[in-house]
Amino acid sequence: MHAARLIDIGRMEVGGIPDPQPARGEVVVKVAAAGVCGTDRHILKGEFPSKPPVVLGHEFSGTVVAVGEGVTTHKVGDFVACDPNIACGSCPSCLLGRINLCENLVAVGIHRDGGFAEYSSIPAHRAVPLPAGLSLQAAAFSEPLACCVHALDIAAIRPGERAIIIGGGVIGLLCLQLARLAGAETMLITRSPDRRRIGETVGASLTAATPEEARSAWPRGADVVLECAGVAETMAEAPRLAARGGRVVIVGVLAKGEMVAFEPFDMLTREVDLRVAFVNPFTQSRALQLLASGAVQTRPLVTREVGRDELPAILAAKPGPTEVKVLVTG
Ligand SMILES: [Zn+2]
Ligand SMILES: [Zn+2]
């Protein structure tokens, strides 16, 4: 089959590799759509730990074409979305129900072969069935959306609060929609005019190009600030954009080892609550429901559809100012 593999840090290859066979308890999925994620770029640069050689791609949907021994939950022809995170079920974190914090977490498309290929074999329990009527293309957003649903759970927005979303990439634009659904008045901060325009289409109450602009619109700050840019300057800025007693949730990914300066005195005296949200514990089926009902829109977020051949160049380059989600559909 045709696949895009990370051979080593900084090196990707596109070409033929053997078709995956379904192992016991696994299903083979014919990939319909796979999203390119910022994490893929971090992995290529060695800023996010992975296990090359490996087929990248952890956000994908498709059709079950083969089932392994012992699988009773799926059949050939089922439409599924991959939940890439495989927890061990028996470490101290798993035993406490904190599966995203599993000490032995293995992720499809990061530590084992993923969805930038024609086929991918994944554990049946990580192949989440699609609700009736949901398109495979929209379902490819279910993993990033599931991460945002977890972030919104952590943010615990109450209706009528104000939320600032920093970053107009896919995570920011999905969190923006969820904050709005939670009843918040929303402001999107991004330098890119194109992304601000998409933000307006998917329901931002206000947009701003810079934190200064945001502060002049809401001088008291926001009840919730979601940092979705994964940029050191905006991470440092996030607590300053929070109102007294506000919450900050870090959703964006900075490179491993990168540091950010906060002012504890300011956060202490204004009781700014700094929180973090990591991946998608038990949130992927809710994400699929939000996509199926149409409550969360994905169409305006697809800025490009590409083939696997284009992946090495796409992952090696910084996302352009107009890029939101690149989907691999061929
Ligand atoms: Zn991702
Ligand atoms: Zn575990």
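This is a predicted model: local features need pLDDT of at least 70, side-chain atom pairs count only at pLDDT 80 or more; totals for chains, interfaces and linings use all residues.
- Domain 1 brings 15 residues to the contact, and domain 2 brings 17 residues.
- About 1,200 Å² is buried between domain 1 and domain 2, and carbon and sulfur atoms give 66% of that area.
- On the side of domain 1, F141, L301 and V324 supply 34% of the area buried against domain 2, more than any other three residues.
- The size of an interface is often given as the accessible area lost when the parts come together.

**Polar and charged features of the interface**

- Between domain 1 and domain 2 the count of salt bridges is zero.
- Five residue pairs, with both residues at pLDDT 80 or more, are in polar contact across the interface of domain 1 and domain 2.
- The side of domain 1 that touches domain 2 divides by class into eight nonpolar, four polar and three charged residues.

**Cavity**

- The structure contains one cavity of 30 Å³ or more.
- The volume of the largest cavity is about 50 Å³.
- D83, N85, A87, I99, N100, L105, R126, V279, N280 and P281 line the largest cavity.
- By class, the lining of the largest cavity has five nonpolar, three polar and two charged residues.

Notes
Residues are numbered from 1 along each chain as its sequence is written. Chains are lettered from A and ligands numbered from 1 in the order in which they are written. Side-chain values use heavy atoms; hydrogens and water are left out. Contact means heavy atoms within 4.5 Å. Buried area is the accessible area (1.4 Å probe) that two parts lose on being put together, summed over both. A salt bridge is a side-chain nitrogen of Lys or Arg within 4 Å of a carboxyl oxygen of Asp or Glu. A polar contact is a pair of N or O atoms within 3.5 Å; within protein, one must be able to donate a hydrogen and the other to accept it, and residues adjacent in sequence count only if both atoms are side-chain atoms. Ala, Val, Leu, Ile, Met, Phe, Trp, Tyr, Cys and Pro count as nonpolar, Asp, Glu, Lys and Arg as charged, and the others, Gly among them, as polar. On a 1 Å grid over the protein atoms alone, a cavity is a set of points where a 1.4 Å probe fits but cannot get out, and a pocket is an open set with protein on both sides within 12 Å along at least five of seven lines; lining residues have an atom within 4 Å of a point. Grid points are joined across faces, edges and corners, and a volume is the space filled by probe spheres set on the points.
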